[in-house]
Amino acid sequence: DGQFRAGDAVDVAVDDGDARRVIARGLVQYDHGEVRRLAGHASHEVAAILGYAGADTVMHRDDLVLL
């Protein structure tokens, strides 16, 4: 949710009953609009969707911290 740019640190949250619980924080490799466009697609489709060959993941595990 929300707006972010590539390189920003964002929270990764899950719905936990009536509340959201943050389970991780990491750096994203795409802007929020690009993430919405890529949602549900395979990584090999990134270039066709965005018009450029980007990263295979939205957030790489090397840029992720579990909380």
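Strand S1 contributes the most to the lining of the largest pocket, with four residues. Strands and helices are DSSP runs, at least two residues of E for a strand and at least four of H or I for a helix, numbered from the N terminus. A pocket is found on a 1 Å grid over the protein atoms alone, as an open set of points where a 1.4 Å probe fits, with protein on both sides within 12 Å along at least five of seven lines; residues with an atom within 4 Å of a point count as lining. Rolling a probe the size of a water molecule over the atoms shows where empty space is left.

The largest pocket holds about 300 Å³ of space, the volume being the space filled by probe spheres set on the grid points. Its lining consists of 14 residues, and Asp1, Phe4, Val10, Asp11 and Val12 lie nearest the centre. Two or more lining residues come from each of S1, S2 and helix H1 (32-38). By class, nine of the lining residues are nonpolar, one is polar and four are charged. Here Ala, Val, Leu, Ile, Met, Phe, Trp, Tyr, Cys and Pro count as nonpolar, Asp, Glu, Lys and Arg as charged, and the others, Gly among them, as polar.

The model is predicted: local features need pLDDT of at least 70, side-chain atom pairs count only at pLDDT 80 or more, and totals for chains, interfaces and linings use all residues. Residues are numbered from 1 along each chain as its sequence is written, and side-chain values use heavy atoms, with hydrogens and water left out. The pLDDT, the predictor's confidence in each residue on a scale from 0 to 100, averages 95 over the chain, and 100% of the residues score at least 70. Confidence is lowest in S1, at a mean of 94, and highest in S3, at 97.

Along the sequence, the chain follows the pattern β-β-α-α-β, with two helices and three strands. The strands form an open sheet in the order S1-S2-S3, with antiparallel pairing; two strands pair if DSSP finds at least two bridges between them. Strand S1 (9-16) and strand S3 (64-66) are the edge strands, each pairing on one side only. Neighbouring strands of this sheet are turned by 35° against each other on average, direction ignored.

Eight bridges join S1 to S2, and these two strands form a hairpin with two residues between them. In the turn, Gly17 has a positive phi of about 75°. Three bridges join strand S2 (residues 19-27) to S3. Arg25 of S2 is the bridge partner of Asp11, and Arg25 also stands opposite Val65 in S3. Gly26 has Leu64 in S3 as its bridge partner.

Side chains of opposite charge can pair when their charged atoms come close. A salt bridge requires a side-chain nitrogen of Lys or Arg within 4 Å of a carboxyl oxygen of Asp or Glu, and by this rule there are five salt bridges. One of them joins the side chains of Asp1 and Arg20, at 2.5 Å from N to O. This pair links distant parts of the chain, 19 residues apart: Asp1 lies in the segment before S1, and Arg20 in strand S2.

Key. Axes are lines fitted to C-alpha atoms, for helices over the stretch in contact, and angles run from 0 to 180 degrees between N-to-C directions.
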